[in-house]
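Subject: Model handover

Hello,

Here is the model for you to look through. My notes follow below it.

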Amino acid sequence: MSIPARSPQANAPICALVVDDERDIRELLVLTLGRMGLKCDTASSLHDARALLKRNQYALCLTDMRLSDGSGIELVQEISQLYAQTPVAMITAFGNQEAAVGALKAGAFDFVSKPVDLAVLRGLVQHALKLGPAAPAGEDAPKRAPVAGAVASRLLGQSAAMAELRATLTKVARSQAPVYIAGESGVGKELVARTIHDQGMRAAAPFVPVNCGAIPTELMESEFFGHRKGAFTGAHADKTGLFQAAEGGTLFLDEIAELPMSMQVKLLRAIQEKSVRPVGANTEVPVDVRILSATHKDLAALVEEGRFRHDLYYRINVIELRVPPLRERREDLPVLVDAILTRLATAQGRLRPELHSDAMEALAHYTFPGNVRELENILERAFALADDDGIRAADLRLPEARPAPPSLAAQASAAAATLDPSLIDPRESASSALPGFIEEIERKAIEQALVDNRYNKTKAAAQLGITFRALRYKLKKLGID
Ligand SMILES: Nc1ncnc2c1ncn2[C@@H]1O[C@H](COP(=O)(O)OP(=O)(O)OP(=O)(O)O)[C@@H](O)[C@H]1O
């Protein structure tokens, strides 16, 4: 079917289709959209909606879930397939998360629950309009937004897996559906989340990454939802939470598996109701935030074990993306190595060193348990050690190229030795000032523990005798990425 191009004239009326069998709701929606400058056609049944869609082109369709002659889901599916340039949103009954998730899976870009909150509805309409001028999700989409191509190129890799991931991201960016990003540590999950944000219609609004494992449990509610002055001891002023900080944009919940059960319930509520209640406040504040989440853990297994709420998993996992480990896409190594070395050289004002073929060969055979982040660390270290002659395999100091791995007991005593300040000569340290010296000891111990535990932070923290959160804090403080 050929779809007429949308009128390029800026002052041509923008048309929306409102589908609901309740007259009052239709009128409310038409009034609200009318105040936003949209002209509306209305349909009270699936049959009428189909007829209108055949004749006209719409910048947006809002449909109720239950229609007299069928389900709104059917309409969502048809619009996504036949009129892909029309964003469609579903109106669902309050608290009916199955319907909301079903609509998103069927291709709706968003949903709004009844009773319709007009502020939420206005936000949704604005987002829908930013999706135009219409371009089908798919191959044409990257050409539409100039920022998209630029950002997509940051997610490097020539493998088929990365090409497929980039193509999926372009489609996913158009939707408002929650995306769950699975993959090992250091594989690029946060970069994927940023790319979705940057390519989507929320790009101009904030991208707020949150490490769920780094917030102390007792502060979580206030961090996420904010608080009112006087809500608890120490609440000296009103504080905006992370949801409100991400207003209009994206909240990226990294390490979501670390959320305590009590917080999982509250998070689910905020996501479903699209509103938050700051600690100490009497009223809810509507929020318009897209939720992306990630963890390196097997979330489905945690759900099975009863350690992660099934309903929250179901809600955040409308679209699941898997970022493959680096060892499954070794073709990406040359382009990644090239980009990382160029970045290091530019940052340090040095010439980009040559990577000798023996070094590339060694990288090609290495398993990269810490994925791209580990590759970055390896190259950074090699870059520091390399002379004008370039980087050779020995400069990489790959764990597997070292002498036979020590036993666990030997590893433990080696870690303990690294922690023993008496074995480190402060005169050999880059900084002989006490804070710098202590930091250096910490850095060495942490780096060693990470290598010993194949970049598994939970195990590294256990080896170091500190909590996972404390390790995350120290990694951030010491700038160990
Ligand atoms: N495909 C890629 N192209 C370019 N850089 C990448 C790619 N994948 C990862 N990186 C880089 O590797 C580093 C680690 O990536 P990122 O922080 O996104 O990983 P992660 O999976 O979120 O890690 P963690 O599980 O530890 O939170 C970052 O510096 C990121 O820019």
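How are α21 and α22 oriented to each other, roughly parallel or roughly perpendicular? They are roughly perpendicular, because angles of 65 to 115 degrees count as such, while those under 35 count as roughly parallel, those over 145 as roughly antiparallel and the rest as oblique.

First, the ground rules. This is a predicted model: local features need pLDDT of at least 70, side-chain atom pairs count only at pLDDT 80 or more, and totals for chains, interfaces and linings use all residues. Residue numbers start from 1 along each chain, as its sequence is written. Helices (H or I, at least four residues) and strands (E, at least two) are DSSP runs, numbered from the N terminus.

**Helix pairs**

Back to α21 (residues 457–464) and α22 (residues 468–477). They pack at an angle of about 100 degrees, with their axes 9 Å apart. Axes are lines fitted to C-alpha atoms, for helices over the stretch in contact; angles run from 0 to 180 degrees between N-to-C directions. Lys457, Thr458, Ala460, Ala461 and Leu464 of α21 meet Phe468, Leu471 and Arg472 of α22. Contact here puts the C-beta atoms, placed from the backbone, within 7 Å. The residues of this contact are 5 nonpolar, 1 polar and 2 charged. Ala, Val, Leu, Ile, Met, Phe, Trp, Tyr, Cys and Pro count as nonpolar, Asp, Glu, Lys and Arg as charged, and the others, Gly among them, as polar.

Next, α15 (residues 333–348) and α17. Their axes come within 10 Å and cross at roughly 50 degrees. That makes α15 oblique to α17. From α15 the contact takes Leu336, Val337, Ile340, Leu341 and Leu344, and from α17 Val372, Leu375, Glu376, Leu379, Glu380 and Phe383. By class there are 9 nonpolar, no polar and 2 charged residues in the contact of α15 with α17.

Then α3 (residues 72–82) and α4 (residues 97–106). The angle is about 20 degrees and the axes are 9 Å apart. That makes α3 roughly parallel to α4. α3 passes α4 in a right-handed crossing. Ile73, Val76, Gln77 and Ser80 of α3 touch Gly102, Ala103 and Ala106 of α4. This contact has 4 nonpolar, 3 polar and no charged residues.

**Ligand shell**

There are 18 residues around the ligand; Leu156, Gly188, Lys189, Glu190 and Val372 come nearest. A residue is near if its C-beta atom, placed from the backbone, lies within 6 Å. Val372 also belongs to the contact of α15 with α17. The shell splits into 6 nonpolar, 6 polar and 6 charged residues. Domain 2 (141–322) and domain 3 (326–401) each give at least three. The domain bounds come from an automatic or database domain assignment.

**Backbone details**

Lys114 and Pro115 are joined by a cis peptide bond, with omega about -5 degrees. Pro115 sits in the loop between β7 (110–113) and α5 (118–130). Phe368 has a positive phi, near 50 degrees, and is not a glycine. Phe368 lies in the loop between α16 (357–365) and α17.

Best wishes

How values were computed
A crossing is left-handed if the near helix is turned anticlockwise from the far one by less than a right angle, and right-handed if clockwise. Two residues are in contact if their C-beta atoms, placed from the backbone, lie within 7 Å.
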